[in-house]
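Biologist: Could you walk me through this one? I'm new to reading such files, so please spell out the terms as we go.

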There are 2 protein chains.
Amino acid sequence: METLQKERENPAFNVHAMSVANHGSEKALEFKRRVMLEIERDLSFWNDDIYDLTKDQLRERTIIKTHSILNWFTNENLDDFQARLAVISVADPGFWTRFGVHLGLFSNAVRSGATSGQFAYWMSKGMLSVRNFYGCFGMTELEHGSNVAGLQTTATLDENTDEFVIHTPNLGATKWWIGGAAHSATHCAVFAQLIVKGKKHGTKTFIVPLRDPQTYRLLPGITIGDIGKKMGRDGIDNGYIQFTYVRIPRAYMLMRYSQVTRDGQVFEPPLQQLTYGALLQGRTLMVNDSGNIAKKALTIAVRYAAVRRQFKSDPKNQYETPLLDYPIHQRRLMPLLAQAVAFGFTSQELIRMLDATNKALDALEPSDPKLEATLELLKSTHATSAGLKAFCTWSTLQTIETCRQACGGHGYSSYVGLAPLYNDFAVHCTWEGDNTILALQSGRALIAAYQESQAGKKQGEALNYLNHMDETLNSKCSSFEELDSLAGIESGFETATAYFVQLAAKEYEDYMSKGSTREQAFEQCSQIRFVAASVHTSLFIFRQFRHAVEKLPESDDGVKKALETLCRFYGLWQIEEKGALFLRSGWLSSDLYDQLARRVTELCAETRKFAIPLIDSFEYTDFVINSPFGRYDGNVYKEYFAMVQRNNPPIKPHPYFERLIKPVLNRAMEETEDLDEAIGLDEEIDEIQAERKEADQAKK
Amino acid sequence: METLQKERENPAFNVHAMSVANHGSEKALEFKRRVMLEIERDLSFWNDDIYDLTKDQLRERTIIKTHSILNWFTNENLDDFQARLAVISVADPGFWTRFGVHLGLFSNAVRSGATSGQFAYWMSKGMLSVRNFYGCFGMTELEHGSNVAGLQTTATLDENTDEFVIHTPNLGATKWWIGGAAHSATHCAVFAQLIVKGKKHGTKTFIVPLRDPQTYRLLPGITIGDIGKKMGRDGIDNGYIQFTYVRIPRAYMLMRYSQVTRDGQVFEPPLQQLTYGALLQGRTLMVNDSGNIAKKALTIAVRYAAVRRQFKSDPKNQYETPLLDYPIHQRRLMPLLAQAVAFGFTSQELIRMLDATNKALDALEPSDPKLEATLELLKSTHATSAGLKAFCTWSTLQTIETCRQACGGHGYSSYVGLAPLYNDFAVHCTWEGDNTILALQSGRALIAAYQESQAGKKQGEALNYLNHMDETLNSKCSSFEELDSLAGIESGFETATAYFVQLAAKEYEDYMSKGSTREQAFEQCSQIRFVAASVHTSLFIFRQFRHAVEKLPESDDGVKKALETLCRFYGLWQIEEKGALFLRSGWLSSDLYDQLARRVTELCAETRKFAIPLIDSFEYTDFVINSPFGRYDGNVYKEYFAMVQRNNPPIKPHPYFERLIKPVLNRAMEETEDLDEAIGLDEEIDEIQAERKEADQAKK
């Protein structure tokens, strides 16, 4: 415990000022503290026993919290409530999802897809007050996830009754993974193929009542089952839904973009892209969550590393060496610390981009002259957010696993908190756009931008390296000083990114010239497209971090200096991680590569010096961290032992000794019976043969 | 289902012959098939419901299997039994561990540490027949894992009674993670500090009875608790043990290497290293397990990828495209397929090395002239196995996660089998030698070997690149043909490895020359030491694979050709993965780097062609795979749906609607009461004030 206190003496920066920087503002920090206090004191969020709950227990525990969240939901503005959810997601990912399917998925689908009359109608039905109403989001099917256009559930207009018939035509079309379906939802936003007069019109959204909210009995034609055990987030009741000729009024189709009239006319939206705006929010949340969850994981691993001692480098030392003092342990954790901070600043920027995009979209009328500019903004935000969602969630999943392993054998215990965190977080890599597919979307946008820029169209800020391609490609790092500067690092990223974007575009064009279709050519160059997206995304993150740092006022609180170190560290470490790309692009020479590796090791040691104050500035309470290893006071072993004992009280008598162990350990010796003696079979055979012989001889 | 059958038409090789090659021999393959059949028909191994069992249920289920395993254990030779356990480890990792702590850890500790009289004594007590006897392995403590010499449990000789007193002096010395302690074990092999006449003699092993085998009551002075929920392997009952002045006869200390006499004389072993031979077996098992588990994971992901269709690259196509036909999906899975096969051949070789080492050790007498040669062999096997254990288990953990994500959203379902597999496997990276520490041990051995070779001592086969260092370092890949050949790849690995081993050694020497102690210098150069171990290990694996392939007879069954392709693929992919090292070493030029990337993509496509027959040649039955996604017949969706339904039968009534949901969704509207009207407080205040005024005026 003294160890951690010592780490906090003479910090390299004012911890509160660092905290404000990490949270964007004093106000945001204050609000987060308030939320953490509120959930800690709200006993429905009690989490001491959480790691031992079974799936069924977790589900009950999760629904209990709904009461509290509804109170906040109805009494605070949406921005504050979103900020509250971001904290809750770190404290309790399963609960966040269970409420999120209603609020984030269902309600947003209605908000963005309904006409204003429809929206008012669903409000009056209790959608936002969550009164006799709980929504779920029926998009994915057993056989279709990523390919939304390929969904097979049908919604066929019956003009005689002015109704849609919602139907699951085969097993593969069963709605699957539907969060909240198994035990919570009364209504579902169903994605289905619109069929009018025998003609398919593509995937639209329909509100389908599932259960009577008074009794929770399933409505006619609705089949719902529980899809059971998952890797994590067992607090959320994912289910499957099959519709068997279920009838809903025509007005239950969301008609802001597409419309179907009483007499069966279908109007398509002028611009398909506008409907995709809703995806942005989920991605932004996940980038934000990536930074926050990485900080949670690192709080556990880094504090523990300062307390845990193992081996002495000199037998004369009084104590063993703390893990945090080992260069290899610093190498494992310190770069991830820089990365988590970088993700935090990137997320702040992404939230700003999302707000700007949403405002532009909301203000838009179909014939607006700003339409093209808005679409450009949407496209660029979309491509950027796709790559960020993919690479940030992947990196954070890896961060959690590295933190877990950095706790050695103890990391395998659920009570340390990292194993459950991994299991909860892992779904971020495949839901709301599979990471690989999103990364490729981002790569596709890069190729398109390259081609545009070759055709003379100037690219925006995020892609400005395409505007002066020759210069960028020919740039070389001339000295260690350049390598070690923020401007140098950014220029290196630009060169490497430009090189691989160009290579991807050339491969694409090469396949096109050999007769591939556009889709085929994109598939064929997918690996290099993926690589281009990866390095572009790192560049984007580095830039957000750098801009944020440079915008900070000069001050003697040490914050700017430490963040500059972390920014440099993140950049150089990423260059090392993607070393082959920087060597290949020609920007980095072999000699500088060796110096780079040593510099990264030095930066690990520099960061180590303020690692604990930096962790403190992430400001997660012991309650939210819920790990004896991540405690602020460093009283690791005593609290770990106490938590294990609390959750595994001695059982008397032994739960299964009499039934199961005793029959095995006390089993009788198998005595090898001498069958010859017991039966005397061989003698009998001799007798039988002798008799036969006699009989034979008698015959003769 | 037809899809998978189609993949099996006209295979590129004879699948049976490939299977024999992957399993080492026809006999090994036959035996594995027999074991798989036996456990499938043994109903105690029933696994259809396994993914839904709680920790407590799993523990009971696990102990039930002990009965069966004991039958096999007592009736088959040790080699066959080991081969059986290797299969069981794939089918049921938790059970393998629970029996393994007795057999692999406890019994081996006694076998290797006991004098022959002691061994006979423990045999007579039921150790090997597992009769009134179940052992556990008491090494790790709450505060000490990797540093065995730092363990704090004490074993103090009481010369008056000729006993040892085993004692846990503080909380941190509590034995922790002890598999089998919570509910199974009757005896423990306790690692404790030997104290005789007040003097410490280092860590020795003592057999300490824990429980009365007739009643399972704890013996006096023994405290045992359950350490509860873990990331995976919940079938094993890990526990903690505290000893409070527990007395055992002096003869219960294992005395093959160190001896303590009646009058308190202590004899130390002539060579400390000999006691570490036991560690080798665990590592070899884990390398073997890495290959096997990777094959299990790939069976699930690759078969599913052949069945799952998503998107069409051409709208005119009748069906959507199978995932396996997408170049990016090939990029995700095919290299891992080559790697799993490489691990299989490496493991065969490692088992041979282990046998040779064990035979040499067993034959050894203290004054043997072969002592030095045997120690060299032990040292080299030790260093090699350390690196292999680390990098193979890391790679396989990553393989499982990649396979899981390659199943898209469904990979998050427990029933697909990959999430539980990840959770079960993850412990391999931290137990029996933390991977990072093992990798560094391997790197330390490489530096030592480099220094020896610089001093003129010729190195053995595994390190032969050190014998002609200048030539190796100056080697350059001259053409694509060289890059694409097995000899070329091996030479590239030698150059890159030599470069980084030399760099590590130079960094080490540099720190030494600046005044660091040996230990400090090793720590300071740990990152580059780690890198050197990583590329050396890849070289070792590539070589085992190459040698195995080249040893195969020429034949027209297609096996040798396909394995050559896989070997080349593994090598080139590893060069790409570690691209910066090959570019930096000077062996690989920038131009060839671009060609390398394209060649790896081509090899993905080539391997894709025979991916399903290759998976078939891994020969895991549907029972062992236990995943609807990995089924041989490809009937994925129907069986997935059926498995989910079987394990989540519809619940009537709703489990918690009345209790938990109704109070929330049907809650009364909160009416905002007009307090002013209800209480009339403001009017009252006016009245009070008016009265006071009057009173005041009256006073005046």
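Biologist: Which residue forms a salt bridge with Glu494(B), and how far apart are the closest N and O atoms?

Modeller: In this predicted model, Glu494(B) pairs with Arg543(B), and their closest N and O atoms are 2.7 Å apart. A salt bridge here is a side-chain nitrogen of Lys or Arg within 4 Å of a carboxyl oxygen of Asp or Glu. Glu494(B) lies in helix α16 of chain B and Arg543(B) in helix α18 of chain B, so the pair ties together parts that are 49 residues apart in sequence. Helices are DSSP runs (H or I, at least four residues), strands are E runs of at least two, and both are numbered from the N terminus.

Biologist: Is Arg543(B) buried or exposed?

Modeller: Arg543(B) counts as buried, at 5% relative accessibility, and Glu494(B) is buried too, at 15%. Buried means under 20% relative accessible area, exposed over 50%, and partly exposed in between (1.4 Å probe, protein chains only).

Biologist: What else does Glu494(B) touch?

Modeller: Leaving out residues up to four places away in sequence, Glu494(B) touches Asn464(B), Tyr465(B), Thr472(B) and Leu539(B), as well as Arg543(B). Contact means heavy atoms within 4.5 Å.

Biologist: And which residue meets Glu490(B) in a salt bridge?

Modeller: That is Arg546(B), with 2.8 Å from N to O. Arg546(B) sits in helix α18 (residues 526-551) and Glu490(B) in helix α16, so this pair ties together parts of chain B that are 56 residues apart in sequence.

Biologist: Switching to chain A, how far apart in helix α25 are Glu658(A) and Lys662(A)?

Modeller: They are four residues apart, which means a separation of about one helical turn, and they form a salt bridge with the closest N and O atoms 3.6 Å apart. Glu658(A) is exposed, with a relative accessible area of 53%, whereas Lys662(A) is partly exposed at 27%.

Biologist: How many salt bridges are there between chain B and chain A?

Modeller: There are eight, including one between Asp591(A) and Arg584(B) at 3.8 Å, N to O.

Technical notes. Residues are numbered from 1 along each chain as its sequence is written. Chains are lettered from A and ligands numbered from 1 in the order in which they are written. This is a predicted model: local features need pLDDT of at least 70, side-chain atom pairs count only at pLDDT 80 or more; totals for chains, interfaces and linings use all residues. Side-chain values use heavy atoms; hydrogens and water are left out.
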